[in-house]
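User: I would like to go through the charge pairs and the domain contact here. Please set each label against its cut-off.

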Amino acid sequence: MRRLYFLSSVALLSLLFRNTDVIGQQQRPNIIFILSDDHAYQATSAYGNKYVQTPNIDRIAHEGALLLNNFVANSICGPSRATLLTGKYSHKNGYTLNERTFDVHQETFPVLLQQNGYQTAWIGKLHLGSLPIGFDYFNILPGQGIYYNPDFINNHNDTIQYKGYVTNLISDFFFNWLEQRDTSKPFFAVVGEKATHREWLPDIQDLGAYDNIDFPLPETFYDNYDRRLAAKDQDMTIDKTMRLKEDLKVHAGIGGAIDEKTRQQYIKYLTRNSPDAHPTDSQILRLYGRWSPYGRLDEEQSKAYNDYYEKKISKEFDEKHLTGKELVKWKFERYLKDYYATAKSLDRNIGRILDYLDSTGLAKNTVVIYASDQGFYLGEHGWFDKRFIYDESLRTAFVVRYPGHIKPGTRVDNLISNVDWAPTILDIAHTPVPAEIQGRSFLPLLLKKDVGDWRKDVYYHYYEYPEPHHVSPHFGIRTKDYVLARFYKGVESWELFDLKKDPNELHNIYGDKQHAVIEQDLKDRLKKQILLSDDQEALKEFEKAL
Ligand code: SGN
Ligand code: CA
């Protein structure tokens, strides 16, 4: 009797488990990861911008959670994406610099999701120099991609040019895929945005959207980089590095109006193998079509761009005869106006995705994440671009909505690193996290569950040097109150900032006697992170620097 009872209870339990399994499978949510490019957290109203509104990013935050202290481990595009895919630091996934080839055969979480019954897709910018694996569907931009009438490479390896503006096209492709996906499975999809990468080409409907706003110069705009050698050594100022023509579209050759210098460059290229040849105008124009961001504009787009940038902005520039500080201020204003106008389409398209989820009923069982691949300077320290361990590039936006699970209006202030993104997604998808992953799921923090101890330091290591932007390679840690960094190539120096007293990171207090105790403590913590993450290059440099 007892035995029979035992057997039947096992049978009952297994039936129950199978049922829970089925229920679990059905309940596993869809996950959409919208990953923008270079969209600064301080460019969103969710993170406090008072001059522009990002209602759709804000909506995700209001209906879900916002990470107040989310940092990247290496503040450039490709490395951030490689870390997203692997949950590992750059030195472990091998993708330390842009323009490399990511080894797609290493373990990435989308493959694990596939194995666990998810359908997966990557649409838009990937920027890993290789075609992805682990995706049932992809339609990606080659390299950085372009804003107008761009090429996409699909999962049959066909490169096809599409007419339209890149941010709109990416959403269209995403909706097309959603329509034809296998609805019996949950899905995971990355919507990889091109916006808001340099050279910030807005959608036509957004040209001039912020022309009536005077953006104030950030407090640190005229930073003199005192006691910060690497900050002094960079090549990313609005003053010197930002280009009037290519970045700010002053007499940019829109509509094929190529200036003499550019014409000569094209001729030099076309005659590189036969110096006596005489390229025709149509050959030169073809090159313009390939090389210029405006080379692919159709007639209508070209007219709109010409009316705005040539007839209005370039004219204004010519009339003003600006020099010195006035010129730098004008460049800053133009930069922000184009940057925010480009971001307007990004936010609008996030709205399209949220509306789509509402209208199809998918919203209630779909997690929506919005994050940027890294932070970006909007004039702070006089800069654009990213790369440094300093706040504007280290920190990045991350908002997430998970209906019925994450309480609306949740704020998480724990220190999160982008190595934590992959394990969190696996956790949401009820998929075991492999031991090799270096990050940790922060899902319990989103659900406001007790997690016991949590990381007190985030680890950082940046490599790309000298081009572009001449930022000295460095590694370091960011704690709640301090940043300690070691620059080791180009410039060799330590930097230490007390974030409570000096949130703008202007005063390097490394080596000051009164901070000796905290300096030593931070060095110990840095060494611990180097060892924990097994970063041999940093270990060598750390020991050399002692
Ligand atoms: C290009 C840009 C740089 C930018 C890198 C990396 N120059 O080289 O300003 O830092 O991409 O950006 S551009 O003149 O070609 O626009 S990243 O986001 O891909 O890391
Ligand atoms: Ca980027």
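Analyst: This is a predicted model. A salt bridge needs a side-chain nitrogen of Lys or Arg within 4 Å of a carboxyl oxygen of Asp or Glu. By that rule Asp38, Asp385, Lys386, Arg387 and Glu464 are linked in a network. The total comes to 41 salt bridges.

User: Why is the pair Arg478 and Asp391 called a salt bridge?

Analyst: The closest N and O atoms are 3.8 Å apart. The cut-off is 4 Å, so the pair qualifies.

User: What makes Asp211 and Lys312 a salt bridge, and which parts does the pair tie together?

Analyst: Their N to O distance is 3.0 Å. The limit is 4 Å, so the label holds. Asp211 sits in the loop between β8 (187-192) and α7 (229-233), while Lys312 belongs to helix α10 (residues 299-320). The pair therefore ties together parts 101 residues apart in sequence.

User: Why does Lys312 count as partly exposed?

Analyst: Its relative accessibility is 42%. Buried means under 20% and exposed means over 50%. Lys312 falls in between, so it is partly exposed.

User: What about Lys245 and Asp259: what distance makes them a salt bridge?

Analyst: The side chains meet at 3.0 Å, N to O. Both residues lie in the loop between α7 and α8 (260-270), 14 residues apart. Lys245 has a relative accessible area of 24%, and Asp259 has 28%. Both residues are partly exposed.

User: How do you know that Asp307 and Lys311 pair, and where do they lie?

Analyst: Their closest N and O atoms are 3.3 Å apart. That is within 4 Å, so they form a salt bridge. Both lie in helix α10, four residues apart, about one turn of the helix.

User: Which label does each of Asp307 and Lys311 get, exposed or partly exposed?

Analyst: Asp307 has 29% relative accessibility, so it counts as partly exposed. Lys311 has 54%. The cut-off for exposed is over 50%, so Lys311 is exposed.

User: How many salt bridges cross between domain 1 and domain 3, and what is the buried area there?

Analyst: The rule finds three salt bridges across that interface. Eleven residue pairs there are in polar contact, both residues at pLDDT 80 or more. The buried area is about 1900 Å², with carbon and sulfur atoms giving 59%.

User: How far apart are the centres of the two domains, and how many residues does the contact take from each?

Analyst: The centres of domain 1 and domain 3 are separated by 28 Å, taken over C-alpha atoms. The contact takes 24 residues from domain 1 and 24 residues from domain 3.

How values were computed: Residues are numbered from 1 along each chain as its sequence is written. Chains are lettered from A and ligands numbered from 1 in the order in which they are written. This is a predicted model: local features need pLDDT of at least 70, side-chain atom pairs count only at pLDDT 80 or more; totals for chains, interfaces and linings use all residues. Side-chain values use heavy atoms; hydrogens and water are left out. Domain bounds come from an automatic or database domain assignment. Contact means heavy atoms within 4.5 Å. Buried area is the accessible area (1.4 Å probe) that two parts lose on being put together, summed over both. A polar contact is a pair of N or O atoms within 3.5 Å; within protein, one must be able to donate a hydrogen and the other to accept it, and residues adjacent in sequence count only if both atoms are side-chain atoms. Helices (H or I, at least four residues) and strands (E, at least two) are DSSP runs, numbered from the N terminus. Buried means under 20% relative accessible area, exposed over 50%, partly exposed in between (1.4 Å probe, protein chains only).
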